[in-house]
Amino acid sequence: MKALIDHLKCTVCGVCEDVCPVSAIKVGETSAEVSDDCTLCGMCVDTCEFGAISLPEAGTGPAADLASYSGVWVYAEWRDGTVHKVSHELLSAGRKLADKRGVTLAAVLLGSNLGEDLSSELIAYGADEVYVVDRPELARFSDEAYANSVVHLVREKKPEILLAGATSMGRSFVPRVAAMLETGLTADCTELDISDEELLLQTRPAFGGNVMATIICPNKRPQMATVRPKVMKPEKKDGHQGRIIATALPEECFKSRIEVLEVIAERDQTAKLTEADVIISGGRGLRKAEHFALIEDVAQLFGGAVGSSRGAVEEGWIAPSHQVGQTGRTVAPTLYMAVGIAGAIQHVVGMQGSQVIVAVNKDPNAPIFDVATYGVVADLFEFIPAFSRRIRTERGEA
Amino acid sequence: MPMHIVVCIKQVPDAKNVRIDPNTNTLVRQGVESIINPFDLFAVEAALKIKDSDGSTRVTVITMGPPQAAEALRETISRGVDDAVLLSDRAFAGADTWATSTTLAAAVRKLGDVDLVICGKQAVDGDTAQVGPELATLLDIPYATFVKKIEALDGKHLKVIRQTDEGVEVWKVPSPALLTVIKEVGEPRLPSLRHKMRAKKAEVPVWGVEALGLDPEKVGLSGSYTQVVRVFSPPRRGNRVMLEGAVEEQVEQLFRYLKEAKVPGL
């Protein structure tokens with residue numbers, strides 16, 4: 001199979017030939033032609049202004065009893081006795097989807113010794129129902145016990161949509177849920193909506209954020225997505241009422257073939273990287289390991305985390321766990337400050353989702369300025385201490 | 001019993017070549033340079049490290065892709081991998097993570113006695129991180145994601161350290177199992193002359209739907225549950241503001257802008 005060209009609509013403009021990532025399109029004299037190299041990635045479809053390109057329809061098996069599935073579910077993540085921020089965000093996004101569909105919004109809460117506070121918090125963020133599975137076996141996360149439990153609940157209650165945070169936990173066990181249920185799963189969505197056909201429209205970045213793709217799951221249920229943290233806006237629904245439903249599951253749900261030997265929390269900056277509202281990152285421009293103290297100082301002033309480029313990690317100035325970018329972490333804080341970082345694409349793909357990007361670099365031609373909201377061409381060794389002083393002055397600490 | 005490790009890799013477009021043309025606002029790829037997904041090179045390295053400590057270990061690399069993906073397989077042989085198999089068939093095109101996992105699972109089953117499957121954490125083109133866990137589920141073996149360290153515990157178990165958003169976890173994983181690995185498992189070794197020679201001569205079998213005993217309707221686009229309905233350029237950032245003047249002036253401007261933007265902690 002390959003992309004289909006409507007020869008009558010094709011104007012041989014050549015745009016599709018340029019965008020094809022596998023060079024499968026050649027523009028002939030009267031029409032573009034697609035070779036067998038086509039991987040059906042769909043890049044060309046949207047770039048054709050003449051609507052001449054389409055993809056063959058996905059065959060997705062018998063459209064089973066789709067109508068028997070109803071409701072929007074959110075897998076509620078929590079830790080240290082509080083609901084994870086991403087679950088607030090998901091409930092708020094899920095509330096809108098449920099209202100649009102005219103169905104209920106439920107949260108699924110798994111763990112041990114959960115107490116009612118967590119459930120009440122989920123209701124306060126819009127859940128109509130909270131399914132609680134409270135078992136000692138669920139005290140520590142394991143993919144199998146968590147996935148098996150969710151799968152059992154889904155088979156019983158049949159929600160049409162299931163959302164989870166694209167956290168290290170969600171991205172680990174949710175694919176197992178999807179595979180066990182034999183349904184589609186879209187990773188790391190940044191936008192969700194309901195289509196005219198009442199399908200979940202799942203929009204996500206691909207190719208390191210250089211393109212966006214909207215994905216549907218037409219013939220399987222539930223429609224499943226993990227959602228990137230810090231993208232959806234959390235909205236508390238004061239006075240919202242909901243039901244807490246304690247749920248018993250068969251013993252076999254809690255079996256896990258792996259054994260968790262130890263869980264070591266890292267309370268330092270590194271673990272905070274993906275959750276931080278503010279990240280101050282340093283690169284090769286810092287020149288030595290000791291100069292990371294400048295970065296740490298600013299990060300501390302914001303209560304934020306310290307990031308780094310791959311260059312700084314390769315120099316051995318900072319641990320790999322701080323690395324932002326293609327082979328490091330992908331982050332999307334409110335403020336990302338890149339200090340002495342040139343801005344290679346491998347770095348940019350890991351941070352371009354940030355709300356405000358500040359670039360500080362001596363070289364006015366550094367590519368980091370292409371993605372910056374605010375660009376500062378300056379010697380970082382002058383600028384950063386002055387910036388710290390300014391914050392301290394404001395606080396009367398100077 | 002010598003251990004048999006299967007590593008799954010993917011060829012991806014080199015990120016350096018993927019960008020948006022600011023004039024036409026469309027995706028541009030200069031040339032068609034492909035690289036091995038960086039995380040998959042860590043997976044190869046993790047397997048080779050196990051082979052370093054026990055020479056009887058056999059490492060087989062598989063990939064699903066077009067015929068030219070054989071080059072990526074040869075590259076892993078030049079780094080020390082024993083065997084490689086290419087899963088290639090027109091029917092595989094357009095696969096989502098489910099259809100990809102279905103195909104890979106058939107290949108792992110066909111390979112027979114596999115003790116460990118290692119994948120990279122995610123591929124950098126799709127960034128889904130789904131194929132590893134889905135493949136393990138289809139193979140009905142346990143898995144551990146985001147693994148940074150692998151140690152042999154006894155003949156039947158591995159001790160792995162996985163990195164989570166909150167810290168690290170130490171898991172005991174029975175064999176056979178699947179692991180997805182991150183950078184910390186080790187920098188990929190370079191190809192060696194000896195292995196390069198071997199890579200040149202190596203036979204890389206190609207398995208299609210028939211060899212894998214798969215129904216063409218269950219793979220590729222036809223076997224996919226998800227469907228891309230629209231691909232578009234991300235909304236472009238608002239105009240960048242360059243902060244002019246002496247350092248103190250730049251500091252003052254930035255401070256005000258960040259205050260206005262209500263950056264937390266300021």
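This is a predicted model: local features need pLDDT of at least 70, side-chain atom pairs count only at pLDDT 80 or more; totals for chains, interfaces and linings use all residues.
1. A definition to start with: two residues are in contact if their C-beta atoms, placed from the backbone, lie within 7 Å. By that rule, 97 residues of chain A are in contact with 83 residues of chain B.

2. Residues are numbered from 1 along each chain as its sequence is written, and chains are lettered from A and ligands numbered from 1 in the order in which they are written.

3. The two chains also share strand pairing. Strand β22 (residues 374-377) of chain A runs parallel to strand β15 (residues 241-242) of chain B, joined by two bridges, and A:G375 is opposite B:M242. Strands pair if DSSP finds at least two bridges between them; helices (H or I, at least four residues) and strands (E, at least two) are DSSP runs, numbered from the N terminus.

4. Chain A is assigned domain 1 (4-54), domain 2 (66-254) and domain 3 (269-394), with bounds from an automatic or database domain assignment. The C-alpha centres of domains 2 and 3 of chain A lie 33 Å apart. Six residues of domain 2 touch six of domain 3 in chain A, and the domain 2 side has two nonpolar, two polar and two charged residues.

5. Have a look at the parallel open sheet of seven strands in chain A, ordered β11-β15-β10-β5-β8-β9-β16. Its edges are β11 (185-189) and β16 (243-246) of chain A. Within the sheet, three bridges join β5 (residues 72-76) to β10 (residues 161-165) of chain A, with A:V72 opposite A:I161.

6. Finally, a helix pair: α8 (residues 292-302) and α12 (residues 380-394) of chain A pack at about 25°, with axes 10 Å apart; axes are lines fitted to C-alpha atoms, for helices over the stretch in contact, and angles run from 0 to 180 degrees between N-to-C directions. So α8(A) is roughly parallel to α12(A), a label for angles under 35 degrees. A:L294, A:D297, A:V298 and A:L301 of α8(A) meet residues of α12(A) including A:F387 and A:I391.

Notes
Ala, Val, Leu, Ile, Met, Phe, Trp, Tyr, Cys and Pro count as nonpolar, Asp, Glu, Lys and Arg as charged, and the others, Gly among them, as polar. Angles under 35 degrees count as roughly parallel, over 145 as roughly antiparallel, 65 to 115 as roughly perpendicular and the rest as oblique.
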